[in-house]
Amino acid sequence: MRITIMIFLICFVSFSGISQSPDISQQIEQVQIAVGTLVSKSQHAEFMLRDLTALEGSVIGLTEDTFSLKIKGMNGKKLIAKISYQEVLVIKSKTVSISFIPDPATRKYGSWDEVLKISYNHNLEVLLENGQSVTGRTGGITKDKLTLINDKDNEKIELKRDQIVFVYRVRRESDKTSDGLVSGANKGRKTGEVLGEVVGATQAARVFDTALGTLVGAGVGAVSGAAQKQERFRVLIYSK
């Protein structure tokens, strides 16, 4: 119980003065505390990763930089996913509840370096200086511009960096299928090979309920307004 309380307090401190430039090292430390609690109690938990992949299972092992999560495949087979601490966005279990989802309207948040890390073909929403909202898949990112690919006709839309006010990573209704959840999941974590048969709509819905409901600790206030029901869920990556 003491460990659980400590985790809630840490989350409250981090969100009560919403960080303009998130301290990743502090977030990693919080995740390490949380998964340490989970592995000691052999407790089932739900996770959302920074690329909006949803997973659930039991933590069975820890290393300095990663933890191992035992998850169930669609065929009932038990599989192991190795996950980096820094990839975790939300954790929810009976005794642990943390979230690093920022206020979607925060200004001067993150840096353009975070945008440069976004992989090809990820769904984004970009808000411009003129108030226009542009959505699409990442086609290319440089230090001066962001290129999106329109879903309807695959047209490329080039946006200059100085036009951009907000960049959100987006998860849409269609992403709740197993194929959508797998998209872009294998980014060096070595989980890509197992996610295809693991993550389904039910798991996604559970973690989304956590992120949008009242069970993500102090992060819940920051989440309100970040999504419209479950049709579009977005997480702030960068704002100027």
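Author: In this predicted model, the largest nonpolar core comprises 28 residues, and those with the most contacts inside it are Phe47, Phe67 and Ile91. Two or more residues come to this core from each of the elements H2, S1, S2, S3, S4, S5 and strand S13 (232-239).

Six strands, in the order S4-S3-S2-S1-S5-S6, form an open sheet with antiparallel pairing. The edges are taken by strand S4 (78-84) and S6; each has a single partner strand, so one side of each is left without a neighbour in the sheet. On average, neighbouring strands of this sheet are turned by 40 degrees against each other, direction ignored. In general, the strands of a sheet pair through backbone hydrogen bonds, in either a parallel or an antiparallel manner.

Two of the pairings may be described in detail. S1 and S2 are joined in the antiparallel sense over 5 bridges, and His44 stands opposite Ser58 in S2. S3 and S4 are likewise antiparallel, over 7 bridges. In that pairing Phe67, one of the residues with the most contacts inside the largest core, stands opposite Ile83 in S4. S3 and S4 form a hairpin with 5 residues between them, and Gly76 in the turn has a positive phi of about 85 degrees.

Helix H2 (residues 24-41) lies across S1, S2, strand S3 (66-72), S5 and S6. The helix runs at about 80 degrees to S2.

Ser93 is placed in the loop between strand S5 (88-92) and strand S6 (97-99). With a relative accessible area of 10%, below the 20% limit, Ser93 is buried. Residues that Ser93 touches, apart from those up to four places away in sequence, are Leu38, Gln43, His44 and Ala45. Of these, His44 has already been mentioned as standing opposite Ser58. A polar atom of the Ser93 side chain lies 3.3 Å from the backbone nitrogen of Thr95.

Most residues other than glycine have a negative phi. Leu52, although not a glycine, has a positive phi of about 70 degrees. Leu52 is situated in the loop between strand S1 (44-49) and strand S2 (54-62), and its relative accessibility of 3% makes it buried. Lys108, also not a glycine, has a positive phi of about 55 degrees. Lys108 is found in the loop between S6 and helix H3 (112-116). With 64% relative accessibility, Lys108 counts as exposed, whereas Leu52 counts as buried.

These details may finally be placed within the whole chain. The protein chain contains 7 helices and 13 strands. It has 240 residues, of which 47% count as buried. Among contacts between residues at least 6 apart in sequence, 61% join residues at least 24 apart. The accessible surface of the chain comes to about 11700 Å², and 50% of that surface belongs to carbon and sulfur atoms.

Technical notes
Residues are numbered from 1 along each chain as its sequence is written. Side-chain values use heavy atoms; hydrogens and water are left out. Helices (H or I, at least four residues) and strands (E, at least two) are DSSP runs, numbered from the N terminus. Buried means under 20% relative accessible area, exposed over 50%, partly exposed in between (1.4 Å probe, protein chains only). A polar contact is a pair of N or O atoms within 3.5 Å; within protein, one must be able to donate a hydrogen and the other to accept it, and residues adjacent in sequence count only if both atoms are side-chain atoms. Contact means heavy atoms within 4.5 Å. Accessible areas come from the Shrake-Rupley method with a 1.4 Å probe; for residues, only the protein chains shown count as cover. Two strands pair if DSSP finds at least two bridges between them. Axes are lines fitted to C-alpha atoms, for helices over the stretch in contact, and angles run from 0 to 180 degrees between N-to-C directions. A nonpolar core is a set of buried Ala, Val, Leu, Ile, Met, Phe, Trp, Tyr and Cys residues joined through side-chain atoms within 4.5 Å.
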